[in-house]
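Student: I would like a close look at one kind of side-chain contact here. Please take me through it step by step.

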Amino acid sequence: GDPRLADAYAPIPLEGQDVGSLILRSFTERDELDRALFPLLESMARPRIASEEPPKVEQGLYYLRRAEKLAGVTEEQRLTLQKLMTEVAYFQARQKLEDARRLVGDALVQLKLAAESQSRHARSANQMLSTVSPPARELEEALRRAVHTLSGPQETPPAPPVQS
């Protein structure tokens, strides 16, 4: 009946994973089951979060979130989970920056539309637009650079020529 437990123990899409040893075991305690499920979820998450492809990283994050709900994992498993979550933190931050860029751009478009209208909010929208437009455009460009330029593969500068 506990929704948290339902999420933790819902069927896991195995996607070709070998779970023969898990199926043959019997668990008398939930903690024992948690400790046995953790390696399965970890093995499904790890390659996905390392992929750099957003849909795959999202799948990996799904498995990590499932693993987070297992209350009976060992301290070592908890540390492994924490490490994997820090690897995903970069992806999540990058996605949030991209979402913020999109929201700022959308807000400017909406303000411009309202400012150019004959509505009762046209004057306020115009004032808001004149106040926020320059810094919002700078923010939008900074977010675009951060997500699309700075987070891309870093080129190693060529080595200086060797002088004899």
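Student: Which side chain meets Arg145 in a salt bridge, and what is the N to O distance?

Tutor: This is a predicted model. The partner of Arg145 is Glu141, with N to O at 4.0 Å. Both residues sit in helix α6, 4 residues apart, so about one helical turn separates them. How open is the pair to its surroundings? Arg145 has 42% relative accessibility, so it counts as partly exposed. Glu141 has 34% and therefore also falls between the 20% and 50% limits: partly exposed. Elsewhere, salt bridges with shared partners tie Glu98, Asp99, Arg101 and Arg102 into one network.

Glu140 is at 11% relative accessibility, under the 20% limit, so it counts as buried. Arg137, at 46%, counts as partly exposed.

Now turn to helix α3, residues 30-49. Glu42 pairs with Arg46 in a salt bridge there. The closest N and O atoms lie 2.6 Å apart. The two residues are 4 apart in the helix, so about one helical turn lies between them. Arg46 has 36% relative accessibility and so counts as partly exposed.

Conventions: Residues are numbered from 1 along each chain as its sequence is written. This is a predicted model: local features need pLDDT of at least 70, side-chain atom pairs count only at pLDDT 80 or more; totals for chains, interfaces and linings use all residues. Side-chain values use heavy atoms; hydrogens and water are left out. Buried means under 20% relative accessible area, exposed over 50%, partly exposed in between (1.4 Å probe, protein chains only).
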